[in-house]
Amino acid sequence: YHPQSKLGLDKWFGRCYLYAYTQRRPNVKLLGIANTKTMKGEKYGYQTYIMHTAPSTLSGYQVCPSASAGCTWACLTLSGMGKFSNVQAARISKTKWFFEDRQAFLARLDREIGNKNKWCAKRGMMGYMRLNMYSDLGWEHMLDLNRSNVRFYDYTKSIKRAMASLCDSCYRLIYSYNETSNPAEVRQLLEMGGTVAMVRADIKYVNGKNKGAIPATITIDGKE
């Protein structure tokens, strides 16, 4: 699965996969807040919750059906806390639970979302949730996402889902531009009011500081 697997990660991921079976699924916490980037919004009255799964086919099940080869190669699953085997084991366990006992998984997730919604409402905060931190699953077809104090957002490699989300007030999807993207479709999404995330190779960061200028405009399908 991972491009670095030839460097010894095959055995490491195998151990994570084995550990996943020791996880007691009824006690697995699906939603978390431990993310250094999203936690910055708390002082502005926003609480962000994230659900981490095992990406691509790492768990034995495909959770990124629209992923390109470049997406799989550059996956950030090993960044941050992902470098620890117990973290990977928990992500694998959650992913396997979703596929092997979906009804129980969705019931637990729905309950956690409801509890977070109540928590935010009591404190006058707005909650935001990313259910696809390392996946690209269609939660809009599986859950009731209409909550009073929680909104949902995610990144997706499916431009059709990104377009469809423009009509959804509860779940907004940001299209992730990649090497297989159709420029005409991307321009159409932008003209519809959608959002596109694009990785730039010409912007350099050194010690966390931007050392390159962000372009004021970019050209897609011959138009700025």
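Contact is taken here as heavy atoms within 4.5 Å. The structure is a predicted model, in which local features need pLDDT of at least 70 and side-chain atom pairs count only at pLDDT 80 or more, while totals for chains, interfaces and linings use all residues. Residues are numbered from 1 along each chain as its sequence is written, and side-chain values use heavy atoms, with hydrogens and water left out.

The protein has 6 helices and 7 strands, assigned as DSSP runs numbered from the N terminus (helices H or I, at least four residues; strands E, at least two). Of its 224 residues, 43% count as buried, that is, under 20% relative accessible area with a 1.4 Å probe and protein chains only. Among contacts with a separation of 6 or more, 60% join residues 24 or more positions apart.

Helix H3 spans residues 85-100. Burial extends to 12 of its 16 residues, including Val87, Ile92, Lys94, Trp97 and Phe98.

Lysine 94 lies in helix H3. The side chain of lysine 94 reaches the backbone oxygen of histidine 52 at 3.0 Å. Lysine 94 is buried but has no salt bridge, defined as a side-chain nitrogen of Lys or Arg within 4 Å of a carboxyl oxygen of Asp or Glu. The nearest side chain of opposite charge to lysine 94 is that of glutamate 112, 8.2 Å away; Lys and Arg count as positive and Asp and Glu as negative, with His and the chain ends not counted.

Definitions and conventions: The expected span of a helix is 1.5 Å times one less than its number of residues. Buried means under 20% relative accessible area, exposed over 50%, partly exposed in between (1.4 Å probe, protein chains only). A polar contact is a pair of N or O atoms within 3.5 Å; within protein, one must be able to donate a hydrogen and the other to accept it, and residues adjacent in sequence count only if both atoms are side-chain atoms.
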